[in-house]
Amino acid sequence: MKLNITQKLIKNHLVTGEMMPGAEIALKIDQTLTQDATGTMVMLELEAMGLDIAKTEASAQYVDHNLVQTDSKNADDHLFLQSASRRFGLYFSKPGNGVSHPVHMQRLAKPGKTLLGSDSHTCANGCMGMLAMGAGGLDVALAIAGEPFYLRMPKVWGIKLTGELAEWVSAKDVILELLRRHDVKGGVGKVIEYYGPGVDTLSAMDRHVIANMGAELGATTTVFPSDDEIKRFLKEQNREDDWVELKADKGATYDIDEEINLSEIVPLVAKPSSPGNVVPVSELAGTPIYQSYIGSSANPGYRDFAIAAEIVKGKQVAVGVSLDINPTSRQMLTDLLNEGHIASFIQAGGRLHQAGCNGCIGMGQAPATGRNSLRTTPRNFPGRSGTIEDSVYLCGTETAAASALAGEITDPRTLGPKAPKIRAIKNPTIDMNLLDAPLSKEEARKVVIHKGPNIASIPEMDAMPDNLQIPILLKMGDNISTDEILAGGSRVLPFRSNLPEISKFTFEIIDKTYYKRGMESVAHGGHAIVAGVNYGQGSSREHAALAPRYLGLRAALVKDFARIHWQNLVNFGILPITFVNAEDYHKLHEGDILEFSNLRSKIKEGNEFEIKVQASNDFIKVRHALTERQVEIILVGGMINWVKDQKQPTS
């Protein structure tokens, strides 16, 4: 059988299951990635499991999100993460070393391996010929402990790239083109695999940009071949021995076929407030901006910064515009300094920030009220920037730089027929200090984990009752993101290790009364929420499931779910169900009481059952997509309880 790259990666790591689209499979995980916004909970989960030493080939904990230290919370948690990494045998990247995804690519990523990360943009490392997937923190904790990762076998969406990018067009425009065609649900249940002659024209970091924002399509992950370009990249990082070739077999087929001619792509921009709201930059020319932001894991490469620096070199940004420069790693920052590009940014009026996620996750750099922010980041969900009523546009670095000079959204092609040429660095920096290596088992066992006052243990979760009579506390529309369920940013994320406190921010963007009403519902059996399509898109942060669960959420009834959030709901014992008839969504209203009777037997016996709407006496037919294993997890109240039960000795 002729196999594509995705099938090869899955076949080589398959523990259980059949490689049939939709079937549950379990995969061996070689590497894991955690960052500080999600990793604190992962380390608490590892401690609760009684883990001795990580069972993976390599696991790394990065501190790249919560870098703003307005009080002791973030600093204390950084010490906690450092000590926990040492105790459990993980690599550790300290604050200022850079964004997890490009740093992992530079120092640890290996073609042919699997990578599971508690960050939805973990898929960026698919650029290296890896099967790199985002997941909830509890799934990653289990992988660190040596357990396989369960998922539905995805379809493989083969995208043939032909041609070559034109002047002023870059890799960011490729993924924006795919979002223009298919919007934020286009990749659900699929792995995107790129192939064809156009791939040869893209650098490893170009591929990173494209793979990174596959998450915005809802894809399971994105895969590129491991070819001579990946070999060149690894050699540049002094890691050539880690290279193996990985390509699709000749004659390999795909479940879905598409073609993109790179030569036909134009500069693109995603309008507020969705990465899928994409139009040509030329359509928005003249739109005033307050901020132009360059950096993030969605534009992390040397060229991304260097070409922007060359565009603004010797010029001045427009009056009233903040040009924010966010280097993606200490190694990258050193190269930009050595080549004079940082000087070009500073002299043009730019503002240099530390290497990290920064404003991408709302950790500083929030835009002014009522002003437009143009960013090279991957997401522009409402409020993600840190400003509740934000107006964020997404673009590539050429557009960001040209617009900063003009003070308005500008098609970079208006600057001339030829874009600046960026020469390769002869001796790029290799910073071996971006990661502290794991301790030996003997030394690790001596480490005492440091816990500051902001650390709170995860409360026990009760089992699923057989009968529920619960109100609908919220009814929402389509494409509700995890940023709307539980925001990021400098107000919220410092409480990531304190569930009672972080829960106070739950759904505040949608309804500020939810926290109070949720807390009141707990004593009366909890509550439900109702929403439209693609519920839970965006970040993998499990707090977006854990906080509502703490506030009494027992069931989420929607038209359909985003993959990672659906799994997080299961992991914390929240029943994820969908309408059999989508029109029934209109029959439900906030405040309606839903009656679930004989629930435990119903979800065990079949995938469809009815729930009663108390006031109208209507019955709504619903469906769950749980496997037999996941039904057990729901019934006992979540994954933590299920793992504990598995460890109990049998009589």
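1. Helices α2 (residues 36–49) and α3 (residues 72–88) pack at about 50 degrees with their axes 10 Å apart, and α2 and α3 are therefore oblique to each other, given that angles under 35 degrees count as roughly parallel, over 145 as roughly antiparallel, 65 to 115 as roughly perpendicular and the rest as oblique. The axes are lines fitted to C-alpha atoms, for helices over the stretch in contact, and the angles run from 0 to 180 degrees between N-to-C directions. Helices (H or I, at least four residues) and strands (E, at least two) are DSSP runs, numbered from the N terminus.

2. This is a predicted model, in which local features need pLDDT of at least 70 and side-chain atom pairs count only at pLDDT 80 or more, while totals for chains, interfaces and linings use all residues. Residues are numbered from 1 along each chain as its sequence is written, and side-chain values use heavy atoms, with hydrogens and water left out.

3. The crossing of α2 and α3 is left-handed, a term for a near helix turned anticlockwise from the far one by less than a right angle, right-handed being the clockwise case. On the α2 side, Asp-36, Gly-39, Thr-40, Met-43, Leu-44, Leu-46 and Glu-47 meet Asp-77, His-78, Phe-80, Leu-81, Ala-84 and Phe-88 of α3, where contact means heavy atoms within 4.5 Å. The residues of this contact divide into seven nonpolar, three polar and three charged, with Ala, Val, Leu, Ile, Met, Phe, Trp, Tyr, Cys and Pro counted as nonpolar, Asp, Glu, Lys and Arg as charged, and the others, Gly among them, as polar.

4. The crossing of α4 and α7 is right-handed, and the contact is made by His-101, Pro-102, Met-105 and Gln-106 of α4 together with Ala-204, Met-205 and His-208 of α7. These residues divide into four nonpolar, three polar and no charged.

5. The largest nonpolar core has 102 residues, of which Met-43, Tyr-535, Leu-575, Leu-588, Phe-596 and Phe-609 touch the most other members; such a core is a set of buried Ala, Val, Leu, Ile, Met, Phe, Trp, Tyr and Cys residues joined through side-chain atoms within 4.5 Å. Apart from this core lies another, of 36 residues, including Val-269, Val-281, Val-321 and Ala-404.

6. Tyr-535 is placed in the loop between β21 (527–531) and α18 (543–550), and is buried at a relative accessible area of 2%, where buried means under 20% relative accessible area, exposed over 50%, and partly exposed in between (1.4 Å probe, protein chains only).

7. The peptide bond from Pro-272 to Ser-273 is cis, with omega near -5 degrees, and Ser-273 is found in the loop between β13 (268–270) and β14 (278–280). Positive phi values in residues other than glycine occur at Asp-183, near 65 degrees, and at Ser-296, near 90 degrees. Asp-183 counts as partly exposed at 36% relative accessibility, whereas Ser-296 is buried at 2%.
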